[in-house]
Amino acid sequence: MAKTALLLLVCLLGALQAQTKKTVFLITDGEGVAGICRQEQVETTNPELRALLTAEINAAVDGLLAGGADEVIVWDGHANSSTLSAQTIHPKAKLVIGGLGRTMLLERGFSAIGFIAQHSKAGVRSGIMAHSYSSLGIQNIRLNGKPVGETETRTMLAGWFNTPVILLTGDVKAAEEMKALVPEAETAAVKEGLARYVCLSMSAAAAQESIREAARRAAAKIGKIQPYKISGPVTIEIEYTTRNSLRIDAAAALGGEVLDDRTIRYAGKDFLDAWTKARMW
Ligand SMILES: [Zn+2]
């Protein structure tokens with residue numbers, strides 16, 4: 001009897017531990033790295049980008065673990081997911097390589113997500129290499145009529161899965177986007193955009209230190225920041241660039257409502273429904 005009770009207690013503690021294990025999922029990009037300001041610098045084969053981005057991610061992993069996270073999973077989210085390597089990623093982090101589709105693994109129910117090396121949405125003045133998913137293909141994305149970029153849509157996606165955003169690193173404008181959505185999220189702005197391809201950057205060492213500290217503060221907020229949720233039906237409009245105007249059979253093939261030659265609108269009962277319907281590429 002005592003043995004059974006003890007076994008039950010051990011099982012219960014195990015389950016409790018699994019529940020309280022704090023796993024942070026990091027969505028990484030390339031345009032928001034300190035010292036990266038020109039378009040050719042964000043090529044995934046650029047050794048400087050690889051080294052600088054990896055070091056910023058590893059600083060974030062360090063900070064998150066120091067701040068109380070138990071596990072950090074890093075998604076190689078820049079371009080075609082070929083910038084990071086298991087050889088150089090933080091020894092205690094896990095790396096996700098490849099495209100993740102619409103739900104981005106968030107159905108796994110992470111404790112929190114963070115953005116590393118993020119840029120601002122298309123059209124933002126002084127946003128370094130500002131764009132929304134595709135700098136050549138997409139002019140604007142609007143959600144319920146309001147312009148949104150990668151930070152907003154992914155924060156909303158995470159919110160749909162009850163996952164809060166605790167951290168963003170990138171340029172000043174990306175950090176402002178994050179704060180406007182989730183004021184409690186920690187940010188590290190590692191460079192200031194003077195124009196699209198002109199920046200005033202911190203040194204790599206200073207940027208990494210700032211990211212480590214922001215990540216440490218962010219990890220301590222796990223469980224204290226609420227997921228970002230939007231209620232009610234959602235429309236997502238994709239406005240393409242001139243050379244990427246909608247194909248002849250857009251309405252039938254893509255399932256949206258064609259608004260003009262370059263703009264299509266998708267409607268859903270909630271964020272995930274609209275998000276799943278929307279075709280961006
Ligand atoms: Zn991006």
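Biologist: What order do the strands of the open sheet have?
Modeller: This is a predicted model, where local features need pLDDT of at least 70, side-chain atom pairs count only at pLDDT 80 or more, and totals for chains, interfaces and linings use all residues. Residues are numbered from 1 along each chain as its sequence is written. The open sheet has seven strands in the order 3-2-1-4-7-8-9, with mixed pairing. Strands (E, at least two residues) and helices (H or I, at least four) are DSSP runs, numbered from the N terminus. Two strands pair if DSSP finds at least two bridges between them.

Biologist: Which strands stand at the edges?
Modeller: Strand 3 (93-96) and strand 9 (198-201). Each has a single partner strand, so one side of each is left without a neighbour in the sheet.

Biologist: And how are neighbouring strands turned against each other?
Modeller: By 25 degrees on average, direction ignored. Axes are lines fitted to C-alpha atoms, for helices over the stretch in contact, and angles run from 0 to 180 degrees between N-to-C directions.

Biologist: Is the pairing of strand 1 with strand 4 parallel or antiparallel?
Modeller: Parallel, over five bridges. In strand 4, Ile27 has Phe115 as its bridge partner. Strand 4 also pairs with strand 7 in the parallel sense, over four bridges. There, Phe115 is bridged to Leu168 of strand 7.

Biologist: What about strand 1 and strand 2?
Modeller: Also a parallel pair, with five bridges; strand 2 covers residues 71-75. Val24 stands opposite Val72 in strand 2.

Biologist: How many residues of strand 4 are buried?
Modeller: Seven of the seven, so strand 4 is largely enclosed by the rest of the structure. Buried means 20 or more other C-beta atoms within 10 Å of the residue's own; exposed means 12 or fewer, and partly exposed lies in between, with C-beta atoms placed from the backbone.

Biologist: Which strands does helix 2 lie across?
Modeller: Strands 1, 2, 3, 4 and 7. Helix 2 (residues 47-66) runs at about 150 degrees to strand 4. Helix 5 lies across strands 1, 4, 7 and 8, at about 140 degrees to strand 8.

Biologist: Switching to helix 3. Why is helix 3 largely enclosed?
Modeller: Because nine of its 11 residues are buried. Among them are Arg154, Met156 and Gly159. The cover includes strand 1, strand 4, strand 5 (138-143), strand 7, helix 4 and helix 7 (271-277).

Biologist: At roughly what angle do the axes of helix 3 and helix 4 cross?
Modeller: Roughly 35 degrees, and the axes come within 9 Å. Thr151, Glu152 and Thr155 in helix 3 meet Ala174, Glu177, Met178 and Leu181 in helix 4. Contact means C-beta atoms, placed from the backbone, within 7 Å.

Biologist: Where are the domain bounds?
Modeller: Domain 1 is 22-138 + 147-219, and domain 2 is 234-277. These bounds come from an automatic or database domain assignment. The C-alpha centres of the two domains lie 27 Å apart. Seven residues of domain 1 and eight residues of domain 2 make the contact. Helix 3 gives the largest share of the domain 1 side, three residues.

Biologist: Last one. Where is Lys229 found?
Modeller: In the loop between helix 5 (204-219) and strand 10 (234-240). Lys229 is partly exposed, with 13 other C-beta atoms within 10 Å. Lys229 is 15 residues from Ala214 in sequence and 24 Å away in space, C-alpha to C-alpha.

Terms used: Contact = placed C-beta atoms within 7 Å.
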